[in-house]
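Please take a moment to look it over before reading on.

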Amino acid sequence: RKHVNITALPTYWWAMSQRPHLLILGAGSIGERHLRCFQKTGRCEVTFCEPLETRRQEVAARYGVKGYR
């Protein structure tokens, strides 16, 4: 088991333990593909922006993520 000297870590060390947040702009075919693939990896939190309300609601429901206008 390896021990880490916390005082030797940079001040932002806590951020490295958190999953990054990813914002996808547009939920067209490519944007939806990006959303689906990034979500599947489980390595980041994903959300998206989509100006068309119907598409935004469909994609949000399909992937269980929050969409913004």
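Is Ala60 buried or exposed? Ala60 is buried: its relative accessible area is 19%, and a residue counts as buried when that value is under 20%. Keep in mind that this is a predicted model, so every value in this report is computed from predicted coordinates.

**The overall layout**

Let's step back to the whole chain. The protein has three helices and three strands, and from the N terminus on they follow the order α-β-α-β-α-β. Of the 69 residues in the protein, 22% are buried. The accessible surface comes to about 5,800 Å², and carbon and sulfur atoms account for 56% of that surface. If you take the contacts between residues at least 6 apart in sequence, 40% of them join residues at least 24 apart.

Leaving out residues up to four places away in sequence, Ala60 touches Phe48, Val65 and Gly67.

| Residue pair | Distance along the chain | C-alpha separation |
|---|---|---|
| Thr47 and Tyr68 | 21 residues | 8.0 Å |
| Ala60 and Phe48 | 12 residues | 8.6 Å |

**How α2 meets α3**

Now for a pair of helices. Helix α2 (residues 29-41) and helix α3 (residues 53-63) pack with their axes 12 Å apart, at an angle of about 20°. Because angles under 35 degrees count as roughly parallel, α2 is roughly parallel to α3. The crossing of α2 past α3 is right-handed.

Which residues make the contact? From α2 come Glu32, Leu35, Arg36 and Gln39, while α3 contributes Val59, Arg62 and Tyr63. By type, the residues of this contact of α2 with α3 divide into three nonpolar, three charged and one polar.

Terms used: Residues are numbered from 1 along each chain as its sequence is written. This is a predicted model: local features need pLDDT of at least 70, side-chain atom pairs count only at pLDDT 80 or more; totals for chains, interfaces and linings use all residues. Side-chain values use heavy atoms; hydrogens and water are left out. Axes are lines fitted to C-alpha atoms, for helices over the stretch in contact, and angles run from 0 to 180 degrees between N-to-C directions. Helices (H or I, at least four residues) and strands (E, at least two) are DSSP runs, numbered from the N terminus. Angles under 35 degrees count as roughly parallel, over 145 as roughly antiparallel, 65 to 115 as roughly perpendicular and the rest as oblique. A crossing is left-handed if the near helix is turned anticlockwise from the far one by less than a right angle, and right-handed if clockwise. Contact means heavy atoms within 4.5 Å. Ala, Val, Leu, Ile, Met, Phe, Trp, Tyr, Cys and Pro count as nonpolar, Asp, Glu, Lys and Arg as charged, and the others, Gly among them, as polar. Buried means under 20% relative accessible area, exposed over 50%, partly exposed in between (1.4 Å probe, protein chains only). Accessible areas come from the Shrake-Rupley method with a 1.4 Å probe; for residues, only the protein chains shown count as cover.
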